[in-house]
Amino acid sequence: QVQLVESGGGLVQPGGSLRLSCAASGSIFSIYNMGWYRQAPGKQRELVAHITSGGNTNIADSVKGRFTISRDNAKNTVYLQMNSLKPEDTGVYYCYADLVGEVGSTFRRYWGQGTQVTVSS
């Protein structure tokens with residue numbers, strides 16, 4: 001069984017920073033891509049940032065220059081550093097990992113439970 005556990009969300013004032021973490025655990029053979037989506041109230045879920053196993057990244061235009069994605073492969077963990085936060089960054093942030101669990105299992109995407117980020121004064 002594979003689990004993704006997120007942490008680091010909360011309430012922050014505009015212009016502030018937060019760092020989200022997402023750790024994968026369980027029977028994991030290999031992790032490929034990892035990343036973050038977010039969903040604001042009344043809006044569709046959108047991709048925020050994506051990182052490959054080799055460290056190549058893709059950042060959404062709406063957060064480029066403010067958000068940075070990184071990962072620690074030894075810890076099976078992906079991070080999202082969010083700076084200069086704006087009220088429109090408010091939403092639930094979900095991490096994902098594309099991985100193969102136990103040897104012989106299929107490649108699939110796993111999701112975290114989501115963590116709330118609220119940017120408000």
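Visitor: In which strand does valine 117 lie?

Guide: This is a predicted model in which local features need pLDDT of at least 70 and side-chain atom pairs count only at pLDDT 80 or more, while totals for chains, interfaces and linings use all residues. Residues are numbered from 1 along each chain as its sequence is written, and side-chain values use heavy atoms, with hydrogens and water left out. Strands are DSSP runs of E with at least two residues, and helices are runs of H or I with at least four, both numbered from the N terminus. On that basis, valine 117 belongs to residues 115–119, which form strand S11.

Visitor: Is valine 117 buried or exposed?

Guide: Buried means under 20% relative accessible area and exposed over 50%, with partly exposed in between, for a 1.4 Å probe and protein chains only. Since the relative accessible area of valine 117 is 0%, this residue is buried.

Visitor: Which residues is valine 117 in contact with, leaving aside its neighbours within four places in sequence?

Guide: Contact here means heavy atoms within 4.5 Å. With those neighbours set aside, the partners of valine 117 are Gly9, Gly10, Leu18, Leu20, Met82, Asp89, Thr90, Gly91 and Tyr93.

Visitor: How far apart in space are valine 117 and glycine 16?

Guide: In sequence, valine 117 and glycine 16 are 101 residues apart. In space, taken from C-alpha to C-alpha, the separation of valine 117 and glycine 16 is 12 Å.

Visitor: What is the relative accessible area of leucine 99?

Guide: Leucine 99 is found in strand S9, which spans residues 91–100. Leaving aside neighbours within four places in sequence, leucine 99 is in contact with several residues, including Val2, Ile31, Tyr32, Phe107 and Tyr110. Leucine 99 is buried, and its relative accessible area is 0%.

Visitor: How many bridges join S9 to strand S10?

Guide: Two strands pair if DSSP finds at least two bridges between them. Strand S10 covers residues 107–111 and runs antiparallel to S9, and in S10 the bridge partner of aspartate 98 is arginine 109. The number of bridges that join S9 to S10 is five.

Visitor: What is the radius of gyration of the protein chain?

Guide: The protein chain has zero helices and 11 strands. The globule rule, 2.2 Å times the number of residues to the power 0.38, is compared with a radius of gyration taken over C-alpha atoms. For 121 residues the rule gives 14 Å, and the chain comes close to this, so it is as compact as a globular protein of that length, with a radius of gyration of 14 Å.
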